[in-house]
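Good morning, and thank you for the time.

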Amino acid sequence: MENQSFDFSSELTLDPFVIPPGGKYPIFFLGISICIFGISCNLTLLALIILNRNLHKPMYFILFSLPLNDLIGLSAMLPKVLSDIVTETHKIDYHLCVLQAFLLHMYGGGILFILAAMSFDRYVAICMPLCYSSVMTPRFISCIIVLVWGLDFVLIVSLFSLQARLPRCKHVVMNVFCDNPSLLKLTCGNTTVNNIMGLFNTAVIQVVSVSIQAYSYVKILIACVVTRKSETKAKAVNTCVAQLVILFMFEVVATFTILSHRFKNVSVDMQKIMGMLIFTVPPLLNPIVYGLYTNEIRSTLLRVLKNRVSM
């Protein structure tokens, strides 16, 4: 029996939402509508950046990573949750569970690193406009993008590699999707090192991301106060407000979710809902916010739509 408990190929059971009678299909159709809308918006943003030469600029090469990251977060979680609601199976293979958790944590760290890279780009563009082309070269932009994804990958791999050393003696995942805290609850070994590594990784991601963004936006704010050019101020507002809105929105939801796993008096259903919001709200709002606050994206989209209508 003990060897069966440690069988890594065994099937896991996800802890479902308690859905009232008659609510299964309305919730499913609402969820599938959200999923299709989010995927469509992010694919549209990716297509605009790829197909329109006026968006082939350093800022948008870095921005390209944001909808790509959003697609990872949205597609790794929501389709599986919706499928479980309809089929009422709530089963997942252990290896797929680890893969889902890995992708979701990659998404969480990725969004913060990407926003940090974008804030640095805006800092150079607004505070050092004459040096922008010499600083933000294609080679340097490539290094930034590789560093963003590479650092995120290394941190998450180091976190999940510690899972392999622990025996698993439970098969019920106390969540509607898989994440690192839920996987740790399946083990019967000492998880102190895992918890420390999880907090360390979270601290590194937060400190690096927030420090870069705080420095960049303080410098941008000072530049806006000093300069008398209204055009510079408008440029700063249009390009920075979107990033600040996304950062604030993500930090509030993510902070609550992380803390909810540390306190036992938080409702389990509330943990599930807040956890899902991390992977659904930013992918839904990111392309909309950037479409509203970024003039070039908005004008490019309107021009494309106008050309389609005229055809």
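Let me begin with the term pair: rings of Phe, Tyr and Trp (its six-membered ring) pair if their centres lie within 6.5 Å, and planes under 30 degrees apart count as stacked, over 60 as edge-to-face and the rest as tilted. The model is predicted, so local features need pLDDT of at least 70 and side-chain atom pairs pLDDT 80 or more, whereas totals for chains, interfaces and linings use all residues. Residues are numbered from 1 along each chain as its sequence is written, and side-chain values use heavy atoms, without hydrogens and water.

The structure holds 9 aromatic pairs. In one of them, the ring centres of Tyr107 and Phe279 are 5.4 Å apart and the planes stand at 50°, so this pair is tilted. Because Tyr107 belongs to helix α5 (residues 94-127) and Phe279 to helix α11 (residues 268-293), the pair ties together parts 172 residues apart in sequence. Helices (H or I, at least four residues) and strands (E, at least two) are DSSP runs, numbered from the N terminus.

Phe279 also forms an edge-to-face pair with Phe177, at 5.6 Å centre to centre and 85° between the planes. Phe177 lies in the loop between β3 (172-173) and α8 (180-184), 102 residues from Phe279.

Are Phe177 and Phe279 buried or exposed? Both are buried, meaning under 20% relative accessible area with a 1.4 Å probe, protein chains only; exposed is over 50%, and partly exposed lies in between. Tyr107 is buried as well. Together with Phe250, the residues Tyr107, Phe177 and Phe279 form one aromatic cluster.
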